[in-house]
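Me: Hi! I would like to learn how to read some features of a protein model. Could you walk me through a few of them?

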Amino acid sequence: MTDPGTYPLLTDPDVMRAVEENLGREPAEIALDRRVPHAAVVATQVKYLRRARTKLPAYYAARCILPPRAFEQASSEAAAARKSCAGQRALDLTCGLGVDSLYLARRFRRVVALERDPALAQIAAENFRRLDVGNVEVVCTDAESYLAAAGERFDWIFADPDRRDAVGRKQLRLEACSPDVLALGPALERLSGRLCLKNSPLFDVDEAFRLFPRCRVEAVSLGGECKEVVIYADGSGPRITAVALGLGEVSAIPGTPAPPPPERFAAEEYRYLIVPNVALRKARLSRRHLAGRADAWSDNGFGFARERPSGVLGRVLEIARIDPWRPKLLRRELRGRGVETLLRDFPFPAARILRELGAHEGGEVRLALTKIGNDCWAIRLK
C-alpha cells in the first residue's frame with residue numbers, strides 16, 4: 001500500500017518547489033538538510049525523478065509523483081509504447097503508476113484504469129493531470145469488483161498482475177498473481193474477448209501458449225535486458241516475436257523447427273562470434289534467426305560465422321582463436337590477469353572459472369566459453 005500521507009505532501013506547493021530546487025543534489029544530502037521542508041519526502045522524489053529521466057522521461061518532464069514501489073513495478077515508457085493494441089475503449093485492470101494507461105490513452109479514445117490502493121489512485125489521477133492526459137478515468141476499486149458489476153464492452157483489456165504475495169515473495173504462476181486473470185476469464189470474455197497481459201521476464205513462453213493456444217507472445221528487451229513477456233490473447237496467433245526495442249524484431253510460428261546445425265564444429269574456420277539478443281533467447285528464436293548467417297547449436301548459445309554477418313539481432317565479436325577448454329593450459333597464460341567472461345551453455349559459473357584460471361574480473365582479456373555436444377570450448381576475442 002502507498003503511504004496515504006505522502007499524496008497531500010507531494011501536491012503541496014512548498015514541497016513541489018523544494019523538489020524542483022533540489023533536483024541537482026544527492027538525495028542523501030537533501031534528507032539531512034533541515035532547511036528543506038519534509039526533507040525525507042523531497043529526497044525520495046528527487047531520487048526517483050532522476051531515475052525517471054531514462055525510464056519515464058514524460059513523467060520526469062511533468063515532475064510527476066513517483067512512489068518508490070510503484071516506480072519499480074512500472075513498465076518503462078519504451079516498453080509501454082511497444083504494446084500493439086488499439087481501438088475505442090480500453091480497460092486497464094492494474095493501473096499502478098499509470099505508465100501503460102498513459103500509452104493506451106494514445107491509442108484509444110477512452111481508458112478506464114482500475115487501482116485498488118486509494119492513495120495510489122489519487123497519485124495516478126494527479127499524474128495524468130500533470131501529463132495533460134484527459135481521456136483516462138481512474139477508478140479506485142479492484143478488478144474483481146469492477147468486472148462483476150460492469151456491463152460496458154471494451155475493445156481490449158490490459159493487465160499487469162501484481163507478482164508478489166502478501167509477504168513480498170515473487171510469483172510466476174498466473175493463478176498466484178493478483179488479479180488472477182485465469183479465474184477472471186469468463187468475465188474478461190464477457191466484456192471484451194481480447195486481453196493484453198504483461199508478465200515477468202521470467203515467464204515461460206511455452207506456458208503462454210499452453211494457457212492461450214491462439215495468442216501472440218512478445219519477449220521484449222531493452223538495453224540487453226529482457227523486460228517483459230507480453231501475451232496478446234485475441235485469437236490472432238499462435239505467433240512468437242522477439243523484440244529488441246530500438247534494434248529490431250524477429251517473428252515465427254511456435255514449434256517451427258530450425259535448420260539442423262552442422263555436424264562438425266569448425267573451430268579453426270570461425271572468425272566471428274554472435275551473441276544473440278536476450279529477446280531472441282527468451283523467445284527461443286536464436287537458431288532460426290541465425291540460419292543462413294551463422295552456425296548455432298542452441299537457442300541459448302552463441303552463433304559462429306566465417307564471414308561477418310549482417311542484419312543480426314545481437315552483438316558480433318571478432319574471434320582471435322578457439323581452443324578446447326583446458327583450464328591448466330589457460331592458467332599459465334591468464335594467471336593474475338583481468339578476464340571478462342561470456343558464458344553460454346557452459347557447465348561452470350564465472351566465479352569457478354576465474355578461480356581455476358587464477359584470474360580476476362576485468363577487461364584485459366575477453367574470453368567466451370561454451371559447450372557444444374560433449375566438448376567445451378574457450379574462445380579468445382579480439
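This is a predicted model: local features need pLDDT of at least 70, side-chain atom pairs count only at pLDDT 80 or more; totals for chains, interfaces and linings use all residues.

Me: At what angle do the axes of helix α2 and helix α4 cross, and within what distance do they come?

Reply: Two packed helices are described by the angle between their axes and the distance between the axes. Here, the axes of α2 (residues 13-21) and α4 (residues 39-55) cross at roughly 50° and come within 9 Å. That makes α2 oblique to α4. The crossing of α2 past α4 is right-handed.

Me: Which residues of α2 and α4 meet?

Reply: From α2 come Val15, Ala18 and Val19, and they meet Val42, Gln45, Val46 and Leu49 in α4.

Me: Now for strands. Which way do β10 and β13 run, and how many bridges join them?

Reply: A general idea to start: in a regular strand the side chains alternate between the two faces of the sheet. In this model, β10 (residues 272-276) and β13 (residues 314-324) run antiparallel and are joined by 5 bridges. Pro276 stands opposite Gly314 in β13. Strand β13 is also joined by 5 bridges to β17 (residues 375-381), again antiparallel. There, Pro324 has Trp377 in β17 as its bridge partner.

Me: Last one: is Ser75 buried or exposed, and why?

Reply: Buried means under 20% relative accessible area. Ser75 has 2%, so Ser75 is buried. This residue sits in the loop between α6 (68-73) and α7 (77-82).

Me: Which side chains make polar contacts with the side chain of Ser75?

Reply: One is the side chain of Asp100, at 2.9 Å, and another is that of Lys198, at 2.7 Å. Ser75 also touches other residues, including Leu56, Val99 and Glu228.

Definitions and conventions:
Residues are numbered from 1 along each chain as its sequence is written. Side-chain values use heavy atoms; hydrogens and water are left out. Helices (H or I, at least four residues) and strands (E, at least two) are DSSP runs, numbered from the N terminus. Buried means under 20% relative accessible area, exposed over 50%, partly exposed in between (1.4 Å probe, protein chains only). A polar contact is a pair of N or O atoms within 3.5 Å; within protein, one must be able to donate a hydrogen and the other to accept it, and residues adjacent in sequence count only if both atoms are side-chain atoms. Contact means heavy atoms within 4.5 Å. Two strands pair if DSSP finds at least two bridges between them. Axes are lines fitted to C-alpha atoms, for helices over the stretch in contact, and angles run from 0 to 180 degrees between N-to-C directions. Angles under 35 degrees count as roughly parallel, over 145 as roughly antiparallel, 65 to 115 as roughly perpendicular and the rest as oblique. A crossing is left-handed if the near helix is turned anticlockwise from the far one by less than a right angle, and right-handed if clockwise. Lists of a residue's contacts leave out its neighbours within four places in sequence.
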